[in-house]
Amino acid sequence: MSTAAMQLDRNVAEFVAQRRKMLINGKWVEAVSGKTFPTYNPATGEVLAQVAEGDKADIDLAVKAARAAFEKGPWRRMTPSQRGRLMWKLADLIEQHLEEFAELETLDNGKPLTVARAADVPLAADLFRYMAGWATKIEGNTIPLSVPYTPGARYHAYTVREPIGVVGQIIPWNFPLLMAAWKLGPALATGCTVVLKPAEQTPLSALRLGELIMEAGFPEGVVNIVPGYGETAGAALSAHPDVDKIAFTGSTEVGKLIAQAATGNLKKVTLELGGKSPNVVLKDADLDIAIPGAASAIFFNHGQCCCAGSRLYVEQSIYDKVVEGVASEAKKIKVGPGLNSDTQLGPLVSEEQLKRVTGYIDAGFKEGAKALTGGKKLGDKGYFVEPTVLVDTKHTMTCVQEEIFGPVVAAIPFKDPSELMTHANDTVYGLAAGIWTRDISKAHAVASELRAGTVWINCYNIFDAALPFGGYKQSGWGREMGHEALELYTETKAVCARIG
Ligand code: ADP
């Protein structure tokens, strides 16, 4: 493991040293219960900060504030252009505090600082800018009517797209700031108000974002941030009768609980859930890009991506070369604390995840899989696990079927396209997929057969604020990012006037 540690930014050191409060109606407040919960540094296993523990009573207050801000506050009367400017200002502030956010993300989540600086924080700022532009473009249509039972009558009919209302947003821990941005962006662009619950493992960057939201000048109550546990604060938010929509990113298992909880008032639901994404290397692929590409598809963010390329399908004739190549890439990866400048793969987010990931690896061994490299926990402090390439896998094995959410890839050879397609789509998930080939026709033919919300060709893990992301099948409902996300934050109102 790598070792050279760095000095923390002063603001970050102060931020984690103080007990963090929650943001309700523009004020930083303690939990009604007075309770706090710890968030841990995954590189050491030590407590990083104490955070106010939101529960049902706090969610109730936050929803009341969001409702009042939606119905009566200045937010409602702002022009779309003013909303867009606030969002743009927020993006500027995020950029001004890039280093601080990157360090908070690394401390709380474990990811390499270099990745947080280059990806998480700039992508979050960019998302707000992209969505800021949409604030002035939420348009309806004019609709020519025929109405057969009122012969001769004339109508002027049009649609308007109105904000859906108070939105509950439940965020995961793998990209804490970025996932908050993906959710807040479309909500704010469309004029909704929000109660956001960050993941209990990683609440800090969302709380810092809350400070910048207030500094940018968003009216009180527009964004409320309530940290807390899923089974308490999260469950209260998803069941709340005065929440109009719930947007969730996390496991498929919890997604189902949220969909059930939402039935009480039939709030709208969008879900971005798990995956077990096939990454396919065809025999005509350029292996100089496919091999490092396949390694990065699984090892990026320590495999803690819902779209991780965790099933590596390789055409038989090049199978050995590709899996050995991916294993050799894995061996080169520098594992260590995220704050170290040379770290490429940090710790998993929590002890629970460490147990879960090593449990899946062991289950794979019991079922007959072998590790070409990796397969074990690393070190005696923090939640580190070796980048792992499993071979001799069978389609029915748990490590091939279930989402591991760690740096573990299962490699599987295939003989021909029909065998590939039988297996590649044979999963309950449908979030993402990758294809590596020099044959452009084959690439698009395979892309059209894959049941997945995103297909990457000769690349992987490419995200952009303009590119919609979300899942087929049990990988979710709806899309995030792009203009598709906006539709899921608006209601369409049809207005019909008789004019003759
Ligand atoms: P993981 O299993 O990887 O921790 P989860 O799906 O449990 O992922 O967590 C994602 C988010 O969902 C977190 O913010 C968590 O607090 C929240 N959550 C967990 N359980 C529930 C629940 N029953 N209702 C609402 N939110 C929940």
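Is cysteine 306 buried or exposed at 11% relative accessibility? Cysteine 306 counts as buried, because its relative accessibility is 11% (buried means under 20% relative accessible area, exposed over 50%, partly exposed in between, with a 1.4 Å probe and protein chains only).

This is a predicted model, in which local features need pLDDT of at least 70 and side-chain atom pairs count only at pLDDT 80 or more, while totals for chains, interfaces and linings use all residues. Residues are numbered from 1 along each chain as its sequence is written, and side-chain values use heavy atoms, with hydrogens and water left out.

1. Cysteines. The structure holds zero disulfides (a disulfide is a pair of cysteine sulfur atoms within 2.5 Å). Cysteine 305 is in no disulfide, and its nearest cysteine sulfur, that of cysteine 307, lies 5.1 Å away. Cysteine 305 counts as buried, at 3% relative accessibility. Cysteine 306 is likewise in no disulfide; for this residue the nearest cysteine sulfur is again that of cysteine 307, at 5.2 Å.

2. Serine 277. This residue sits in the loop between strand 11 (268-272) and strand 12 (278-281) (helices, H or I of at least four residues, and strands, E of at least two, are DSSP runs numbered from the N terminus). With 1% relative accessibility, serine 277 counts as buried. Neighbours within four places in sequence left aside, serine 277 is in contact with Cys306, Cys307, Ala308, Gly309, Ser310, Arg311, Leu431, Ala432, Ala433 and Tyr460 (contact means heavy atoms within 4.5 Å).

3. Isoleucine 298. Helix 11 (residues 287-299) contains isoleucine 298, which is buried with a relative accessible area of 0%. Not counting residues up to four places away in sequence, isoleucine 298 touches Gly303, Ala308, Gly309, Ser310, Gly406, Pro407, Val408 and Val409. Ala308, Gly309 and Ser310 are among the contacts of serine 277 and also among those of isoleucine 298.

4. Aromatic pairs. There are ten aromatic pairs (rings of Phe, Tyr and Trp, the last by its six-membered ring, pair if their centres lie within 6.5 Å; planes under 30 degrees apart count as stacked, over 60 as edge-to-face and the rest as tilted). Tryptophan 182 and phenylalanine 463 make a tilted pair, 6.0 Å centre to centre and with 50 degrees between the planes. Tryptophan 182 lies in helix 7 (residues 176-190) and phenylalanine 463 in the loop between strand 20 (454-457) and strand 21 (476-477), so this pair ties together parts 281 residues apart in sequence. Tryptophan 456 and phenylalanine 463 form an edge-to-face pair, at 5.7 Å and 80 degrees. Tryptophan 182 counts as buried at 4% relative accessibility, as does tryptophan 456 at 3%.

5. Aromatic cluster. Ring pairs link Trp182, Trp456, Tyr460, Phe463 and Phe469 into a cluster. Tyr460 of this cluster is also one of the contacts of serine 277.

6. Charges over rings. Arginine 129 lies over the face of tryptophan 88, 5.1 Å from the ring centre (a charge sits over a ring if NZ of Lys or CZ of Arg is within 6 Å of the ring centre and within 35 degrees of the ring normal). Lysine 245 lies over the face of tyrosine 489, at 4.3 Å from the ring centre.

7. Helix packing. Helix 5 (residues 98-109) and helix 6 (residues 113-134) pack at an angle of about 115 degrees, their axes 9 Å apart (axes are lines fitted to C-alpha atoms, for helices over the stretch in contact, and angles run from 0 to 180 degrees between N-to-C directions). The contact involves Leu98, Glu99, Phe101, Ala102, Glu103, Glu105 and Thr106 of helix 5, and Leu113, Ala116, Arg117, Asp120, Val121 and Pro122 of helix 6.

8. Positive phi. Asparagine 25 is not a glycine, yet has a positive phi of about 55 degrees. Asparagine 25 is in the loop between strand 1 (22-24) and strand 2 (27-29) and counts as partly exposed at 30% relative accessibility. Aspartate 392 also has a positive phi, near 55 degrees. Aspartate 392 lies in the loop between strand 17 (388-391) and helix 14 (398-401), and is partly exposed with a relative accessible area of 42%.
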